[in-house]
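Me: I'm new to this one. Can you walk me through it?

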Amino acid sequence: MSAPATTITAVTPDGPEVAVTPAKRRRLRFVANPKAATGLIVLAFFCLIAIIGPWIAPYDPSARSSDLIQAPSGKHWFGTTHLGQDIFSQVLVGTRGVMFVGLLAGLVATALSILIGVSAGFLGGAADDGLSALSNVFLVIPALPLIIIVASTIPSAGDLMVALVIGLTSWAWGARVLRAQTLSLRRRDYVEAARATGESTWRLITFEIMPNLTAIIASGFVGTVIFAVMSEITLAFIGISTISEWNWGTILFWAQSQQALAQGAWWWFVPAGLAIAVLGTALSLVNFGIDEFVSPRLRSSGHTRLTTKDGRSVRMRVGFTPVLGATSEPVTPVVPRREEEVA
């Protein structure tokens, strides 16, 4: 039984009262976090490039030309390869495959972790035992070796197959975390009150349990996306996945196979490497923002100050407990009594 949103009225200096809803403030608090805002902006930029990248690419990424291993210039912003292929076009076109695999794998793994983890924690009994055993089985399945086996067995395995394999093998850890949190929520007073009013099981899970798991679900989704992106790039870099479809790992594969570093062609691998680093940093910033949004201790770290009696200011920090100076009041020592005196 969700509590109704309260409204706080405040009188402005100019006259009329302004209504402020705490729930709205809490929603905006996440976007106002500098880490989360920066990560979301960068992530939105990569999503936009993934959509329009093939349309705005100046050249066909596979087209050859006579400009062999040319440094960045006005004609080729990121330089060219040993076949005269435009690297800037390859980076733009390759963004779609990386983002597609990462987001799809994250969605599949998150959906399975919610379905199995929350159901196991809320239902309990035999359902909990069975779903927990299933989670334990998938926990020991190595995702990357399985992807390598599937990609080498099925030559036509594209981004869709890789994303599905990653998603189907990466949900177990998130399910375990959601199960543990659901076990602590299912006996709360508001859940018992909703159950007493005759609410069905699916409504209890959807409207009473799930809103309190939003941050954990979002954090698990971001973690899965990071793992899926790194797995996709790794497979392309070691030559397991098809190299006919461009992504950042494919660019690094050709740069390594043609010894770009030995030839001094730094522009061949630096743009793709920077794109990987920036995307990983953006996802990590979003994850940090989620942690600070959920934890008040992290959110207020470094911003809370204590003032001692003598006027000194002590700054609160995570992991450190401020030790205030001793007072000037005399302390009477306690002398232990001997057994003879007690007798």
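What follows is a short chat about rings, spans and a surface patch.

Reply: First, the ground rules. This is a predicted model: local features need pLDDT of at least 70, side-chain atom pairs count only at pLDDT 80 or more, and totals for chains, interfaces and linings use all residues. Residues are numbered from 1 along each chain as its sequence is written, and side-chain values use heavy atoms, with hydrogens and water left out.

Me: How many aromatic pairs does the structure hold?

Reply: Eight. Rings of Phe, Tyr and Trp (its six-membered ring) pair if their centres lie within 6.5 Å; planes under 30 degrees apart count as stacked, over 60 as edge-to-face and the rest as tilted. One of the pairs is tryptophan 202 with phenylalanine 207, at 6.4 Å centre to centre and 55° between the planes.

Me: And why is the pair of tryptophan 266 and tryptophan 267 edge-to-face?

Reply: Because the planes of tryptophan 266 and tryptophan 267 stand at 80°. Their ring centres are 5.8 Å apart.

Me: Is tryptophan 267 buried or exposed?

Reply: Buried, at 8% relative accessibility. Buried means under 20% relative accessible area, exposed over 50%, partly exposed in between (1.4 Å probe, protein chains only). Tryptophan 266 is partly exposed at 48%.

Me: Back to tryptophan 202. What is its relative accessible area?

Reply: It is 55%, so tryptophan 202 is exposed. Phenylalanine 207 is partly exposed, at 40%.

Me: Which residue lies over the face of tryptophan 202?

Reply: Arginine 203, at 5.8 Å from the ring centre. The test is NZ of Lys or CZ of Arg within 6 Å of the ring centre and within 35 degrees of the ring normal.

Me: Which residues form an aromatic cluster?

Reply: Phe45, Phe46 and Trp248 form one.

Me: New topic. Where does UniProt place the "transmembrane region" feature?

Reply: The unreviewed entry lists residues 36-57 and 134-154, among others. Such annotations may be inferred rather than shown by experiment.

Me: Where is leucine 164?

Reply: In helix 6. Leucine 164 is partly exposed, at 32%.

Key: Helices (H or I, at least four residues) and strands (E, at least two) are DSSP runs, numbered from the N terminus.
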